[in-house]
Amino acid sequence: MKVYFHLNIGGFSNCYIVVNEKTSEAIIIDPGKITEEIISRIENNHLKLVAVLITHNHGSHAGGLHTLRKIYSPKILAADWEVAGEETTVISGDGTLRLAKMIVKYMSVPGHTSDSVVYQIGNILFTGDILSAGEIGSTNSSYSEYILKSNIEKKIFSQQDNVILMPGHGPPTTLGAVKAFTADFKKMIQSPQNDRVRN
């Protein structure tokens with residue numbers, strides 16, 4: 001498996017192309033904007049784009065779908081039907097899929113948005129905006145922040161420290177590094193009434 005990174009300058013968001021080198025099949029995660037570089041990556045490597053995974057329905061993560069659908073016919077997976085209307089394969093809860101002949105796990109992690117999903121392929125977590133290097137995602141209420149922290153604690157922090165995080169914004173990191181920089185995470189989650197609202 002290879003992962004190619006592309007930066008959407010408009011929203012400073014990350015788009016990832018995950019390639020199964022054995023089958024030349026590919027998955028795109030969060031196409032905020034489709035650029036000539038992304039198309040060239042697919043075409044020059046003779047890749048078959050089989051699926052697009054959306055971590056949450058914000059323009060900087062899903063805005064390139066319109067362009068992408070004019071060129072290719074991938075399966076589109078998201079937790080929000082409005083991402084691509086009838087062409088959206090709506091996922092909910094936690095589960096496992098087989099895409100591009102790779103095992104793709106997905107986890108619902110609401111808080112930043114109600115439709116936030118984390119995808120796991122091999123040893124890599126594609127976290128969208130729920131978790132990045134050193135901070136958790138923004139929320140619009142103390143309750144949403146508590147829900148987000150609870151889900152991160154249960155579903156993300158329970159994994160091995162060597163798991164790689166590919167966030168929606170910012171550089172890649174490891175789960176171990178994130179834990180090291182959020183030492184007060186457990187203390188905050190145990191006292192939700194003390195939580196501050198993140199803007």
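Visitor: What should I know about the numbering and the model before we start?
Guide: Residues are numbered from 1 along each chain as its sequence is written. The model is predicted, so local features need pLDDT of at least 70 and side-chain atom pairs count only at pLDDT 80 or more, while totals for chains, interfaces and linings use all residues; side-chain values use heavy atoms, leaving out hydrogens and water.

Visitor: How many helices and strands does the chain have?
Guide: There are six helices and 14 strands. Both are DSSP runs numbered from the N terminus: helices are H or I with at least four residues, strands are E with at least two.

Visitor: How do you know whether the radius of gyration agrees with a compact globule?
Guide: The radius is taken over C-alpha atoms, and the globule rule is 2.2 Å times the number of residues to the power 0.38. For 199 residues that rule gives a value near 16 Å, and the chain has 16 Å, so the two agree. Along the principal axes, the C-alpha atoms fill a box of roughly 50 × 35 × 30 Å.

Visitor: What share of the residues counts as buried?
Guide: Of the 199 residues, 51% do. Buried means under 20% relative accessible area, exposed means over 50%, and partly exposed lies in between (1.4 Å probe, protein chains only).

Visitor: What makes Glu-25 and Lys-101 a salt bridge?
Guide: The term asks for a side-chain nitrogen of Lys or Arg within 4 Å of a carboxyl oxygen of Asp or Glu. Here the N to O distance is 3.5 Å, and the two side chains meet in a salt bridge. The pair links distant parts of the chain, 76 residues apart: Glu-25 is in strand S3, and Lys-101 is in the loop between strands S7 and S8. In total, the structure holds six salt bridges.

Visitor: How do you know that Arg-69 and Glu-87 form another one, and what does the pair tie together?
Guide: Their closest N and O atoms are 3.0 Å apart, and the pair forms a salt bridge. Arg-69 lies in helix H3 and Glu-87 in the loop between strands S5 and S6, so parts 18 residues apart in sequence are tied together. Arg-69, with a relative accessible area of 32%, is partly exposed, and Glu-87 at 47% is also partly exposed.

Visitor: Where does the salt bridge of Asp-161 and Lys-179 sit?
Guide: Their closest N and O atoms are 2.9 Å apart. Asp-161 is in the loop between helix H4 and strand S13, and Lys-179 is in helix H5. Asp-161 counts as partly exposed at 43%, as does Lys-179 at 25%.

Visitor: What about the phi of His-46?
Guide: His-46 also has a positive phi, about 55 degrees, although it is not a glycine. Its place is the loop between helix H1 and strand S4. With a relative accessible area of 68%, His-46 is exposed.
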